[in-house]
Amino acid sequence: MALSLHSAIRKTWKTLSSIKTGVVLIILVVIFAIAGTIILQRPLTDPDEMTRAYSPAMLRFLDATGLTDVYHAHWFVALMLLVSLSIIAASVQRFPNAWRYFARPYKSPEEGFRRVLPIQAHLAITDEEQGLGAAERAFRHMHLKSERIVRPDRFSLFAERNRISEMAVYIVHASLLLFFLGYFVVDAFYGWRGFLMLSPGMASNQVEMKSGEIRSLPFSIRCDGSGEETYTDGTPKRWWSKLAVVDNGQEISRKEIVVNDPLVYHGVRFYQASFGRTGKLDRLVLNAIPRSGTGQAQEISLGPNQIVSLDADTKVQVAEFIPDFVVQGGHVYARSNDVVNPAVRLIVTSEKTNKVVNFWLPEIPGVAENASSPYNFEPKDLKTGVFTGLEVSHEPGQWAVWAGVILMAIGLTFVFYVVHVRFWVVPVQDASGNLALWIGGSANRNRDAFEQTFKRFVEQVEKELKPKFEEAAEKPAASLPKTTTAGR
Amino acid sequence: MARARVEQHPATGMTLVVMVGLSIAFLLFIAFLNVVKSGDILSEANLLYAALVFYAGAGALYLGFGVTGTESYIKFASLATWAGLIANTAAVAHRWYEAGHPPFASLYEMLLSFVWTLAALTLIAEKRYAVKVIGTVTMPVAIVGVVLMQLLRSEVRPLVPALQSTWLHVHVTLAMLAYAACALSFALAMMFLIQDKLKTENFLAATSIFTVGIYASVLTRFEGWGGFNVIAWDAENKSEVFLAKNVRLFVTIPDLGWLMLLVFAAVIAPFTLYILTRVRKNDGFLAVANRAVFISILLQSLALVFFVIRVRDGRYSSLDAEGLYPTNLAASPFILSALVAGIFANLLYLLLLWRREDLERLLPDADTLDRITYKTICIAFPLLTLMIAAGAYWANRAWGSYWNWDPKETWAAITWLVYAGYLHMRITRGWRGRRAAYFAILGFGVVMFTFFGVTYLLNGLHSYA
């Protein structure tokens, strides 16, 4: 029983680590990812649009299977977990071999290896030391450090470059795991996103989550102003908000945020997401003209709940502001909160007579009592309240993601552009007893470019061999160059 | 060999060059006369026009080379490409100066940069790697690009707040480079298949499936009794007409649907004949199939001409709203590109059919092409990775999250996965040759869908291009 369990685990592990499993998983991820871009997705799409697009039975099916929110469905996350496990399994299975290769490089080639190595050359030499010395000089010429390997039965040279390249694949895979860790683990469990709406002067720590629940921050954000700039054609150019962080009743910091430049405090980010009008009155500027004809016209400015005296007896205040009015059956209603068709009801009171007059701007027949007001009002300017929409997010996992990006950039550079090259130089005796220098080389990628490098190296060794060779063969050869100079 | 060819056609050797040269001179002269009247010589439109004329001349010469194999055309063709590139560079510089930002912010600006990159790459490939026929493929693409630009909104539009970021330039530059590398790997994989002695009829099958796919998608707009639906165009606001958010207003052009149906039948014919060849094992059908391709090109051109004439300037009724609504080619760039791409693919097939031996002689050998394809993808893949990373970083600053599962993001990730699959198969499984080439072609198909398909078919945050 225990044995079969053991073998089951082994089998699972083997299946997970196979490249076939990896490819099947990648194909599954691709299929479901595509499904998510074709099927309308829940939080983004309006519920009304969903019901319009799909039949009720279809929608029930899609909702039940999680296809309306593919990327957050449990099975999708489970699939990504399987992908991670497959990457880990594949890496773990192949890693020891690669590590052996990395940690204990093969420095002294045996005969069997020498016979089958595809890139190799033979050079005739007179003695071992002369040959190895020439090779060492050739290595130095190529800025490679060589080492002498002494074994009981052989004596050879070894040089290499960029051994780290053998580890590059693991760096790339590790970076992928970092992405998954950041997005599917850290941010899935500890991250959140919400929305905060503020009007200038307001402070709040209540962030509304996507799900509708409210999250209280341990500090609050105060808005000191917000605005919009537009291009001449009316398209938005800039949205800005002046924000202040208030922690424990103290103002900690201030920042003017714009799109692309958020405010960050304690890992919580505040983004300028939208800007709009609240549909509430901020300030109304009026020209008040007395009806009696004796007094002067005066300009008054009214805010909400503000009472302004026009003369010793008469006062005026804003009773109602309707951003988009419609009249029906003798009543005035608000149609929307957009300031497109505004109306305002002023109350003009006289202290002496206790008379209260409802003055409507514009004058709405049947409702307005404008004629009985001691003053006539002309609208001059209207400012309505603004709000700024802040996207609030806490994504501690992003640091794992950015670390993964950097790691992946390094890893990919090594995978594609850094080649592990190795050279071996061994003095050998051929069948007829002649001494020769066996030179072998290998590169883990980009073989054809390495063949050129190898050729250059062999030529360099030949060149290094020559003067010595001539020196050893005939002594007067050394004076040859001198003769040529003298001859000039 | 080359000289022998020239001697074979002594009469035609210079004729094409002279004809193309004269047409270029004539077109530029006419344009110059118009410009002198209006005054502003170095405007972007004029520079683009000049680029178009030169590219068209280069394209004609490259095609002439492709068809006749006369190598002396190449010299003049690359000269014309140089001239076009200079005009194009001036147009890019003009745009950059006017807009105050690099031309990456709209589909029009992207096309402007894309055509420039394409022309530059053509010259590099020709001079440095001696891949001379490349212009036969790239120049027609450049011409289509410049023509498309004339139809798109070209006025400098101010950047909306989300686009005001350095990361826009980083992200888009990386994307252009990555996509250009992917396009190159696609072209190289195709050339590999030619050198790998893939039978010409297989190219026929691929071209036919591609064209049938195009007309099948086009026919989804077939309406009622022979009508054809296109999106209405609001000339005043220079935008499509919307009934509600994301709901566009379609108008029906009468009878155009019949023509599209006819062309669909015509493009399905070569494919049917190809299937017959395979099933009956009778090569006699192939000759008929090739003739059918020729006929389908003529009909496709007819469909394109009628589509352009009917859509360019007309008012049609709609099923969803009362009254007549105007249409414009700018509202249907997708259909237009599809029609042009269909003709183009079939022309390339004809080129292969008629001049395969010359192509084989001119192209590098199969092994080299296989290796270069892999190397191009080795360049494309890190660029894709960085492009996605830069996009994520920017999204984190602009939208509040580094990953939103927006369709564009998701498809970029899918592209990345496809190329990752290619690399794994190549490196660990030793996939070489045809299988690798097919994979490279698939990868580019996904890239094209991410670039164009997602923008036109799927809605999302990434709505700029």
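Among contacts in chain B between residues at least 6 apart in sequence, 76% join residues at least 24 apart, where contact means heavy atoms within 4.5 Å. The model is a predicted one, in which local features need pLDDT of at least 70 and side-chain atom pairs count only at pLDDT 80 or more, while totals for chains, interfaces and linings use all residues. Residues are numbered from 1 along each chain as its sequence is written, chains are lettered from A in the order in which they are written, and side-chain values use heavy atoms, leaving out hydrogens and water.

Confidence is given by pLDDT, the predictor's confidence in each residue on a scale from 0 to 100. For chain A the average is 84, and 95% of the residues score at least 70.

Of the 465 residues in chain B, 54% are buried. Buried means under 20% relative accessible area, exposed over 50%, and partly exposed in between, with a 1.4 Å probe and protein chains only.

In soluble globular proteins, nonpolar side chains tend to be buried together. A nonpolar core is a set of buried Ala, Val, Leu, Ile, Met, Phe, Trp, Tyr and Cys residues joined through side-chain atoms within 4.5 Å. The largest core here has 179 residues, of which B:Y55, B:M260, B:F307 and B:W416 touch the most other members. Its largest share, 16 residues, comes from helix α12 (residues 366-398) of chain B. Leaving aside residues up to four places away in sequence, the residues that B:F307 touches include B:F228, B:L256, B:M260 and B:L339.

Where do the two chains meet? The contact takes 47 residues from chain A and 42 residues from chain B. Between them about 3,700 Å² is buried, 66% of it given by carbon and sulfur atoms; buried area is the accessible area (1.4 Å probe) that two parts lose on being put together, summed over both. In chain B, the residues that lose the most area to chain A are B:P161, B:Y402 and B:W405, together 21% of what that side buries.

B:W405 also belongs to one of the 43 aromatic pairs over all chains. Rings of Phe, Tyr and Trp (its six-membered ring) pair if their centres lie within 6.5 Å; planes under 30 degrees apart count as stacked, over 60 as edge-to-face and the rest as tilted. A:Y71 and B:W405 are stacked, at 4.0 Å centre to centre with 5 degrees between the planes. The pair joins two chains, because A:Y71 lies in the loop between α4 (56-65) and α5 (74-103) of chain A and B:W405 in the loop between α12 and α13 (407-428) of chain B. Both A:Y71 and B:W405 are buried.

Notes. Helices (H or I, at least four residues) and strands (E, at least two) are DSSP runs, numbered from the N terminus.
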